Amino acid sequence: MPATRLDMPAASKTNRQLFRTTWPFVAVVVSLLALVATSLSIMSSVRAYIGGESTWSKGQKDAVFYLIRYAQTGDEATYRQYEHSIADPLNLKRARLALDRRDPDEAVARQALLESGVYPADVGSVIWVFRTFRRASYFEEAVGYWTRGDALVDQLATAARQLRVAKAEGDAGRIEVEQLTSEVWNINASIAPISRAFADVLGAAFRQTALLLFVINVVVAVLLVSLSVWYARRFIMARIVTEYALRRSEVRAKATLGSIGEAVISVGPTGLVEYVNPVAERLFCRDAISCVDRPLTALVSIVREWDRRPVDLIEQALRGTEPADPGTDLVLTNVRGVETVVQAITSVVHDTSETITGAVLLLRNMAREREYVSNLSWQASHDGLTGLLNRTEFERRLYASLDGQTDSESAQLPRMLMMLDLDQFKVVNDTYGHAAGDTMLREVALLFRKSLRDEDSLARLGGDEFAALMPNCDEQSAVIIAERLRQEVAAFEWSGETHTLSTSVSIGLVDLRGLDMETAMRFGDIACYLAKERGRDRVHLAVRGDKELTRHASAMSWCGRIKDALANNRFCLFAQEIRSIHDAEDFSGDHPRHVEILLRMVGDGGKIVSPNFFMPAAERYGLMSAIDRWVVRAVFATLTRTGNPDNVQYAINLSGASIGDERFLQFLNEQFEISDVAPESICFEVTETTAIANLAAAARFISELKARGCRFSLDDFGAGMSSFGYLKHLPVDYIKIDGGFIKDMLKDAVNRDMVAAINDIGHSMGRLTIAEYVESEAILRALGNMGVDFVQGFHVGRPALWAQNVEFLATT
């Protein structure tokens, strides 16, 4: 059944092609047969007309004969013979008149023709010819003669009737009989040329028709011969083109098989090799001629890689059985004994009847692929610059080592984690370029490797950070190894083309017993950080219960919580009023409102977390710029949604990391462009220490945003050194006096004088002053007496929830 379904499309295609090939011949033959049939019909009709003319002429002549005899004898029997003879011409006349009407009466014509003696089989042809060729030249001329003859026959019939009357009168009508007899002879004489002319016209028409049919038959025959020649030439050309295309296809197939990277072997139905491509020749170490007409097993041996069991791929393919393990790796051994790992793909070749006519075997050399996979595996687990393990592989090995501590015996085995960080390596990159830095990293990595034990796993975690997993190593041994390594690095000098470089390393050590991977890596980072913090070029052993370790671990924990809050919008914004000193005294609303935006974290269960807990970690781990961006987006989004109908000025705190970042300045400009927030309604607060640390960048940052219309406030003024000297270089609008001076100003005269001095200097420079930490009425009045412009603190107004996650906080 499957073979039948496969044959159906081919049979249908063959039938369509056969029809397209033979239909012109069939059309010509059918046309020829139709022409022959038409010719025979026309010739038969002409013959019937000629026969009718003979009948008409014979009847007319017999009628004249009998009529003359009747005039002589007066015998009534002779007159009846005359009437019988004249009946045929009269019937033919009746048929002509029936057909010559505007609306021909074929029934009357048919009856009249039959009565005139026309053969019944010819009656239909006679009628068809008359109606078809009535206006044709020859036939129209013949019908004219026919009409004139019928008129003479009518005269003959009239004379016959008169003759009978005269004959009946006897001697009285003798003279009339003689006259009528003479008239009959005259009519007969007039009919004879008309009859001959009619016969001549029909004869000429017959000859012309025969000639025309002959010419048509010749033309059709020539057309048939030409068509046969054209088709024969077309078949010959098609065969030539097919053979040429077949040769080209064969050459192209051989070229294709020769250019692909896999070995291709084609075998016949008996399993003998018929073709091998050049790759197969090189794989077999044989030329193609020596491979042809031989079984594949005589050329090479193929076995499964894992059990060395022989495999006959050709036999399996020709039997039509699927291989037991397709895609498995095989080992091919050629005539020289060279083994090559290959993968095999077999394809069976069938003819249209689904009979197997051969097979094609493709062998893919897996040596390069295995090398590629090996390289990929190495690259996935090693650092490309130093050749050491990378972070992923190191963490995998560390996890596997710690995961083996499940039983009590292995849990007691000493394991140490060493974290190494080159000191001031960024200076090398910035001063001498990254190429010099990369070369130093490779040299230092070799030095690390030589200083560690063979069983230690050394990895480059990234940048200038390294780590080593030290199995079967206690704290004392690890400290000795780490100290020796530190000394060797300190003594290391690398000579470049124009300079000599040296470096040092800070090392942190962690005992891995009882730790998981994440905790171990965190403690290692902290230990390394503490080594740097305590002067660099030293070894720090992390001790459980160390306060510094606990503090830094807590900071790192806050780092994770900050990142989660940024990703999931678990921050919210509070707002605290900043009022004019006069409004603060009488709490009237005559002056525009000034509000500072304060950040809080939303903890578990909706608990509000003060920035005092998470800001130190954010500053330590470089998250301040991300937090600043979140705050700016939140403030701008809220103002875009709610508007600012009261023209409130909102103060936003910015960190030092954002002030010195050109990308943050671009970010602010983009936020102003895409939002409807008026720059005049935004005041950015920067701390005095931040501004002084990078004075040029701060001045440029402030100037560009002030040109847009923003306001600036210098926060915590007075907390830094040389504050007044730097103030003139910063184009700020407000000076916020440090709260440390404000809260004790009533008890400490120095603080009171500092507040007064800052206020006076600020006013002399054209700046407005803001006092923080105003927590009592007495402080408020003292500030009013000094002339401070604005106040802020719990006595003026406590921070209140303003935006972001308001709904979440309300529900919890």
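Mentor: The largest pocket has a volume of about 1200 Å³. Here a pocket is an open set of points on a 1 Å grid over the protein atoms alone, with protein on both sides within 12 Å along at least five of seven lines, and lining residues have an atom within 4 Å of a point. Grid points are joined across faces, edges and corners, and the volume is the space filled by probe spheres set on the points. The model is predicted: local features need pLDDT of at least 70, side-chain atom pairs count only at pLDDT 80 or more, and totals for chains, interfaces and linings use all residues. Residues are numbered from 1 along each chain as its sequence is written, and side-chain values use heavy atoms, with hydrogens and water left out.

The largest pocket is lined by 36 residues, and Glu596, Leu598, Pro611, Asn653 and Asp715 are the closest to its centre. Two or more lining residues come from each of β15 (594-602), α19 (611-620), α20 (624-642), α21 (656-659), β18 (682-687) and β19 (711-717); helices (H or I, at least four residues) and strands (E, at least two) are DSSP runs numbered from the N terminus. By class, this lining holds 14 nonpolar, 11 polar and 11 charged residues, where Ala, Val, Leu, Ile, Met, Phe, Trp, Tyr, Cys and Pro count as nonpolar, Asp, Glu, Lys and Arg as charged, and the others, Gly among them, as polar.

The second largest pocket has a volume of about 500 Å³. Its lining consists of 19 residues, with Glu465, Asp525, Tyr529, Met556 and Tyr621 nearest the centre, and divides into 10 nonpolar, three polar and six charged.

Conventions. 1 Å grid on protein atoms, 1.4 Å probe; cavity = no way out; pocket = protein on both sides within 12 Å on 5 of 7 lines; lining within 4 Å.
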